[in-house]
Amino acid sequence: MSSPEPLRFRLNGHPVEVACDDPRILLDLLREDMTLTGTKRGCDLGTCGCCTVLLDGRPTLSCLTLARLVEGREVTTIEGISPPNGLTPVQRAFVELGATQCGFCTPGFIVTATALLRDLPHPGRDEIERAVSGNLCRCTGYRKIIEAIETAAREAP
Amino acid sequence: MASSPPPSYRLLGGRIPYVEGPLKVTGRAEYTDDIQRPGMLVGRLLRSPWPHARLTSIDTSAARALPGVFAVLTGEKYPTPFGVLPITHDETAIAVGKARYIGDIIAAVAAADERTAERALELVRVDVEPLPEYSDPRMGVAPVSEPIHARGLLGSNIQKEVVQHFGNVDAAFAQAAHSVRVRGNFAGVTHAFTEPMATIAEATPDGRLTVWSATQVPHYLHRALAEVLGIPMHRIRVIKPEVGGGFGGKSDPLPHEIVCAALSIETGRPVKILFDREDVFYTNHGRHPTQNDVRIALDASGQILAYDIEALIDGGAWSSFGTVTTYYNGVLAMGPYRVPNFRYRGRRVYTTKPPSGAMRAHGGTNIRYSIEVALDMLAERAGLDPFELRRRNALPPNSKTVNEFRITSTSFLPCLAAARAKSGWDAKFRRLPYGRGVGLGCGFYISGSNSPIHFTPKMPQSTVHLKVDMDGGIAVHSMQADIGQGSNTLLAAIVAEVLGVDLDRVHVQRVDSDVSPVDLGSYSSRVTFMMGNAARVAAEELRAKLVAAAASLLERPGDALEVVHERIQDREHPERGVTFLEALHRAMESSGALTASGSYNSPAIGGTFKGARAGTAPAYSFAAYVAEVSVDDETGEYRVAKIWAAFDCGRPLNRLAVEGQIEGSIHMGLGQVMGESMNYRGARLFNPSLLEYKIPMPQQMPEVEILLVGEDDPEGPFGAKEAGEGPLIATLPAIGNALYDAVGVRFTDLPITPDKVVKGVDQRRAEGRPWKGR
């Protein structure tokens, strides 16, 4: 097999260049090759939202994305969203209001909620529910997640 | 009883965010699949495509010859049977002799990478002789031509039969003023946690084996590894990383965990087995598909005279917790009402389907639905409000049930009162317009199983160790398993509460059998009660050492001192005191780092008849829920608008966690009512994905008003009882009874999907039974 061109894209604000087979899935590339394990593998089928990352700022299921498709684009994972120290307002609200229990779905929710509040700083409950409807949570019953996103939005300027 | 007001606490009883929360929201919490080991191989499992087949030959030579393959295992190498209950060891790590369900493991491979492992599985050649498929428990209640297991009762597929009779049920029914019968049918449901199972095993040249696994019961895994692999427990080290939900699905020692260890032993390399979502569904161990038949007799004054219950439980291919399930489907009917006469016959039958096991509110959910629907019917017959009927029959505090369960604290009556008042019940019940309704459902659950599964002679069910050195950080060790319910946080908070220190001094260590003392893990809603008591004892021992040191510094007797925030001081002269660190350093002068140990063992309770221990618990939770629904009877779609959840968990120690448990339980119960179902065609699971097995979306969640009305339990830590599983139970009948109030149809076949609603309403109209004028 001839080795393909390296894949070049921006990952969490930095340019990266990495060997990548054509069938490589973005989730595998992130978790295994880049050791960014904050992005979670829940189903590999696009049904749970645990693997959500931002692709050019849009929430995207990394388990359904061929890594080659991010050539020249910007990928932001939970690691890229988290500040070097402390937490973002969304993350802080998730902790303080009990919106994370087992935590496995949490990075996906944080990524989705971060994009929502960037585009729509003061969403209504319906808009929040719609935005997170691609993310499954089995622990919380969603109520504290939605409350946390509402709280983070209230604290936004 | 006159008593002083309950004490208040600095931390406990408040809203305590999870100590590991910041790691979880940043993706820094470490789950099993996040761990990499040097030279780690990929383990893969070959699963049976046959529901029942004799394995006549398995040829692994081509798979072994494939470059990059390090080991291929079949069942013969590790044939020792195991299972979570010592009395029903009927599983093997890999199938021996025959495969018993679609998904049964028949070979395993360790290879350098995923693709090679997959290719190797394709090269395993399996010849089989197909055997009869038993997809329905009714097919297995009599002798069958090919029993799924040799241990089936008298040549049948019956795994366990329980027959109990207390009092005289026939005589009670003969004198009943009213009686009803409900035949419930319940599809199997599954846990649907978000983290698929994952295990890493590493056998090392020093003769030891380390296993990291997504398990909620590290200790039982530890035992099963030792038994099957023939390695003494002290040479095995089990580590539990963060676990992405369990709900019972990660409580059995699972075959792949043992296979992973076996592959590592074979290869001398670390091996990881990571499940995909189909693996998770086929492994199942979810709530049993169940048919029950419930008759209840009532006297003219509205007193319950008798229960007569039968249950037929579809076990799937293994025993798992099934013997407990079979008891629970009867005995967990013993509360929250007084039942003077009780008869139960339960049978759990093997089928050639993925095994069922323990799922949140194990054994108490399906039977409770049928009973609560039956009581709703009886209230209507007797002309009593559903609340009033339940009030008249409430188990009193400090009483015994007819099967000798010890009831201590119960705030069931306050639960009823709160749910009735807050829901506006009296203005709504039978008074809302057609298509809208309210319903009441109640619950009762064990706060920890009184009997540990394994220990003979009896050893503590939970032990907690503390160590504090000169840095003033307190290391807490225990094998309690936080799977998201917040037990690490509670453990830290109890220690901090007793010692008067800030929460950030307390560091709960990752579960590691080399250093964590045994706690039996997260099942039977036991952790708060048992670990909490053990932690309190340990922290009090440490506190006594610190107080003695402070006493010597202050030259005052210890009993004149009090522990306050980060300080120990003279009770009468608070200005005379020492800091926590000053006391600590004085105490260390003679002994170095301080240690302390606490443990909990449940009291001797329960009867002496066969099966008397099943369902005994040191305390019980109680619940009364009202659901309000609105139904579109054209489409059959309905919405649960709100649930008022009155719950008695004794004193809630972390309100944030208790609310989270109740809301999450309501979500899970809602799913079982509205649509979750393991769908089978014959023995083939038809919907093994989260796309086709739908858990409720945010839009389907009702508003939830939580009403915590419990009083301090006399034996619970700081007065607490369980809140992890019991809150699920009342959800289902509250909704079922609300649907009746809305459209006049009794639903006894779960899930209640829209087609069943339309059919039910059509049938009611065809029978000429109008409801609320429609």
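**A guided tour of chain B**

In this predicted model, begin by selecting helix α16 (residues 655-674) and helix α18 (residues 731-743) of chain B, which pack at an angle of about 50° with their axes 8 Å apart.

From α16(B), select S665(B), I666(B), G669(B), L670(B), Q672(B) and V673(B); from α18(B), select T731(B), L732(B), I735(B) and G736(B). Five of the residues in the contact of α16(B) with α18(B) are nonpolar and five are polar, while none is charged.

Now select L739(B). Leaving aside residues up to four places away in sequence, L739(B) touches G437(B), V629(B), V631(B), Y638(B), V745(B), F747(B) and I752(B). L739(B) is also one of the residues that touch the most other members of the largest nonpolar core, a set of 304 residues; V259(B), V495(B), Y625(B) and A646(B) are the others named. To see the element that gives the most to this core, select helix α14 (residues 527-554) of chain B, which contributes 15 residues.

Finally, turn to the side of chain B that touches chain A. Here 44 residues of chain B are in contact with 41 residues of chain A. Select α1 (21-25) and α16 of chain B, each of which supplies at least two residues to this side. Helix α16(B) gives the most, with eight residues. The residues on this side of chain B comprise 21 nonpolar, 13 polar and ten charged.

Definitions and conventions: Residues are numbered from 1 along each chain as its sequence is written. Chains are lettered from A and ligands numbered from 1 in the order in which they are written. This is a predicted model: local features need pLDDT of at least 70, side-chain atom pairs count only at pLDDT 80 or more; totals for chains, interfaces and linings use all residues. A nonpolar core is a set of buried Ala, Val, Leu, Ile, Met, Phe, Trp, Tyr and Cys residues joined through C-beta atoms within 7 Å. A residue is buried if 20 or more other C-beta atoms lie within 10 Å of its own, exposed if 12 or fewer, and partly exposed in between; C-beta atoms are placed from the backbone. Helices (H or I, at least four residues) and strands (E, at least two) are DSSP runs, numbered from the N terminus. Two residues are in contact if their C-beta atoms, placed from the backbone, lie within 7 Å. Axes are lines fitted to C-alpha atoms, for helices over the stretch in contact, and angles run from 0 to 180 degrees between N-to-C directions. Ala, Val, Leu, Ile, Met, Phe, Trp, Tyr, Cys and Pro count as nonpolar, Asp, Glu, Lys and Arg as charged, and the others, Gly among them, as polar.
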